[in-house]
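Work through the exercises below with the sequence and the model at hand. Try each task before reading its solution.

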Amino acid sequence: MASPPHSLTLKTHRDRQNWWQSVWIRRALLLVPASLVVLGLLNAFGQRPATTAASGATGKITVYAPVHARSGLSYAARFRIDATHVLKQARLILSPGWAEGYTVNGAAPQPLTEGSTDGKLNFGFGRIPAGSHLTFWISLQVNPTNVGHRPQDVWLYDGSTLVATVHRTITIFP
């Protein structure tokens, strides 16, 4: 039988007698990526929507959108404005977290005005009578490089008067 090369020892390289070479340690380490795959299949990193609401003296805003999402996927966010008193110039202001690292695929119904102020999205809807509501949808796709936490605050205004504010954060997984 030939002798092993000088840089190898039979105890370590052939017989694997050291504790860190145990087959159980290798099997345990393989459980880490396998558990991530199983959690992904069970939608643990999914896009379950959550409802967040805030009310003021003249109206209420309800946001229905995921607080966890995976990069590269699409989702729709729903904004419902309920007018307890007439809103003469209803406006939704969305923080930059709604557009930064996203592709906006569409909005329905089309707002009367659209704009941007200091990086915030500004949608104007005009008059909403007392006792009625308006539902606004935005279809978004998370860009693949958008990972981490983003604040997604929403402000409801009647002209220049703040009616209600919703504070929320989204976590985006790779």
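**Exercise 1. Classify Phe 136 as buried or exposed, then do likewise for Phe 123.**

Solution. Start with Phe 136. Its relative accessible area is 0%, so Phe 136 is buried. The cut-offs are under 20% relative accessible area for buried, over 50% for exposed, and partly exposed in between (1.4 Å probe, protein chains only). Next, Phe 123 has 7% relative accessibility, so Phe 123 counts as buried.

Before going on, note that this is a predicted model: local features need pLDDT of at least 70, side-chain atom pairs count only at pLDDT 80 or more, and totals for chains, interfaces and linings use all residues. Residues are numbered from 1 along each chain as its sequence is written, and side-chain values use heavy atoms, with hydrogens and water left out.

**Exercise 2. How many aromatic pairs does a search of the whole structure find, and of what kind is the pair of Tyr 75 and Tyr 102?**

Solution. The search finds five aromatic pairs. Rings of Phe, Tyr and Trp (its six-membered ring) pair if their centres lie within 6.5 Å; planes under 30 degrees apart count as stacked, over 60 as edge-to-face and the rest as tilted. The ring centres of Tyr 75 and Tyr 102 are 6.2 Å apart and the planes stand at 80 degrees, so this pair is edge-to-face. Tyr 75 is in strand 4 and Tyr 102 in strand 6 (residues 102–108), so 27 residues separate these distant parts of the chain. Strands are DSSP runs (E, at least two residues), numbered from the N terminus. Both Tyr 75 and Tyr 102 are buried.

Now take Phe 123 and Phe 136. Their pair is tilted, at 5.0 Å centre to centre and 50 degrees between the planes. Phe 123 belongs to strand 8 and Phe 136 to strand 9, so the pair ties together parts 13 residues apart in sequence. Ring pairs also link Phe 79, Trp 98, Phe 123, Phe 125 and Phe 136 into a cluster.

**Exercise 3. Which residues of the largest nonpolar core touch the most other members?**

Solution. A nonpolar core is a set of buried Ala, Val, Leu, Ile, Met, Phe, Trp, Tyr and Cys residues joined through side-chain atoms within 4.5 Å. The largest has 31 residues. Ile 61, Tyr 75, Phe 79, Ile 81, Leu 92, Trp 98 and Val 154 touch the most other members. Strands that each supply at least two core residues include strand 2 (59–66), strand 4 (74–83) and strand 5 (87–94).

**Exercise 4. Where is Thr 62, and is Thr 62 buried or exposed?**

Solution. Thr 62 is in strand 2. At 15% relative accessibility, Thr 62 counts as buried.

Note on methods: Helices (H or I, at least four residues) and strands (E, at least two) are DSSP runs, numbered from the N terminus.
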